[in-house]
Amino acid sequence: SAELLHGFFVDHAKFQHPLGVAVAGGVLWVADTFNHALRTVDVASGAVVTAFGAGAPGATDAPARFAEPSGLAVVGKRLLVADTNNHRVRVIDLEERTVSTLVLTGVPIPTS
């Protein structure tokens with residue numbers, strides 16, 4: 001396959017069950033669920049780059065590891081990720097290119 005900037009051209013990229021898509025700052029983000037990664041697609045060139053994730057499940061912020069990310073939402077300069085199998089919401093700062101886990105306090109957990 002033709003490599004480009006640590007990624008592949010879209011006609012050679014192998015996505016596995018891509019569920020979430022979002023556009024932020026002119027970049028198309030894809031939650032590549034079964035590859036446990038977040039990827040970007042340059043619509044003009046067709047370049048696909050693995051931006052975050054290791055290709056294997058994990059639950060760390062640094063380095064960023066996910067377990068079947070599935071949903072994406074853009075809020076300002078942040079990308080929210082539904083990290084499905086970790087039961088977490090992860091937050092990507094699009095300017096700093098960092099990942100953190102959203103911490104909720106004072107939210108009761110349902111018991112039934």
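Which side chains meet in a salt bridge of 3.0 Å, N to O? In this predicted model, where residues are numbered from 1 along each chain as its sequence is written, local features need pLDDT of at least 70, side-chain atom pairs count only at pLDDT 80 or more, and totals for chains, interfaces and linings use all residues. Side-chain values use heavy atoms, with hydrogens and water left out.

The side chains are those of D32 and R39; a salt bridge here is a side-chain nitrogen of Lys or Arg within 4 Å of a carboxyl oxygen of Asp or Glu. D32 is buried at 0% relative accessibility, and R39 is buried at 5% (buried means under 20% relative accessible area, exposed over 50%, partly exposed in between, with a 1.4 Å probe and protein chains only).

Across the whole structure, four salt bridges are found. One of them joins K77 and E95 at 3.7 Å, N to O. K77 lies in the loop between β7 and β8 and E95 in the loop between β9 and β10, so this pair ties together parts 18 residues apart in sequence (strands are DSSP runs of E, at least two residues, numbered from the N terminus). K77 is exposed at 52%, as is E95 at 56%.

Now to the nonpolar side chains. The largest nonpolar core has 14 residues, and W29 and L38 are among those with the most contacts inside it. Such a core is a set of buried Ala, Val, Leu, Ile, Met, Phe, Trp, Tyr and Cys residues joined through side-chain atoms within 4.5 Å. Beyond its neighbours within four places in sequence, L38 is in contact (heavy atoms within 4.5 Å) with residues including W29, F52 and I92.

How values were computed. Helix = DSSP H or I, 4+ residues; strand = E, 2+ residues; numbered from the N terminus.
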